[in-house]
Amino acid sequence: MDRWRGRVALVTGASVGIGAAVAVELVRHGMKVVGCARDVAKIQKLAAECQSAGHPGVLVPFKCDLTKEEEILAMFAAIKEQHKGVDVCINNAGLSHPEPLLSGKTSGWKNIMDVNVLALSICAREAYQSMKERNVDDGHIININSLCGHHVYDFADLHFYTATKYAVTALTEGLRQELRAEKSHIRATSISPGLVVTEFVSRANNPDQVAGIYAAYKSLQAKDLASAVTYVLSAPPHVQIGELLLEAIQEAAFVAPATPGPGLSSH
């Protein structure tokens, strides 16, 4: 990670869970991290903790509603003005609503699509343009995906979310192909975790199911995803890690229950 010291990373959804863990870990490795979320107060608290811990990097909180393109563009403009640009873009922000395909609300579907697909694509585009205009040819775009981006689980509340994660898989491969066509050495990686202990599951699913899911399956921790991000960033510049799938090792006597498990969610 030495070559990333002093360079600028954007982490979306940095207020809690995976995003917060990734932001702090990059600061610990000496990066200047712009962490964005709607709840910027939580990122401000993280920034103060990083400073108190004496981490060599710095966490810069930025308030941004990723469902609004104008706010995303304003954020990139501010990063350009204050920090020259983005060298690493971690598209972590993601959400879900329990809206099945047969009975879900269109408004819920649109919200999931706005954050999981459109915001991710806008941030990836703007990050690439930022790198290109500064002749940065070793940048990295990392999309936090999910095992749901590779398998459709029999769980109606997550079917639309799953569709957006399949889109992330396709978008990341599309990025790699377009970067290759441009003869760019900027890398694009999808990191797909299974069940992670964060606020995401309790927000996305019926509360009475959450305890059973966590009791039935061994889960990843947010810090495991932070380690995965630094692993990907630490690869030699000529190495492309296109897809990284992560799930917790289950007990040998594990018997799958009726509720869905590994791959249920990512954030």
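Modeller: Happy to! Let's start with the side chains of N143 and T172, which are joined by a polar contact of 2.9 Å. Please keep in mind that this is a predicted model. N143 belongs to strand 5, which covers residues 140-144. Is N143 buried or exposed? With a relative accessible area of 0%, N143 is buried, because buried means under 20%. Leaving aside residues up to four places away in sequence, N143 touches N91, L120, V168, T172, L175, T189, S190 and I191.

Now to the partner's side. T172 is one of the buried residues of helix 5, and V168 is another; the buried set also includes F160, Y161, K165, R176 and L179. Helix 5 runs over residues 159-181, so 23 residues in total, and its first and last C-alpha atoms are 33 Å apart, close to the 33 Å expected at 1.5 Å a residue. Just after helix 5 comes K183, with a positive phi of about 60 degrees.

Let's follow the other contacts of N143, among them T189, S190 and I191. Strand 6 spans residues 187-193, and it pairs with strand 9 in the parallel sense over 4 bridges. Opposite S192 stands L245 of strand 9. In a regular strand the side chains alternate between the two faces of the sheet.

Terms used. Residues numbered from 1 in each chain as written. Predicted model: local features only at pLDDT ≥ 70, side-chain atom pairs only at ≥ 80, totals over all residues. Heavy atoms only, no water. Pairing = 2+ DSSP bridges. Helix = DSSP H or I, 4+ residues; strand = E, 2+ residues; numbered from the N terminus. Buried < 20%, exposed > 50% of the residue type's maximum accessible area, 1.4 Å probe, protein only. Polar contact = N/O pair within 3.5 Å; in protein donor to acceptor, adjacent residues only side chain to side chain. Contact = heavy atoms within 4.5 Å.
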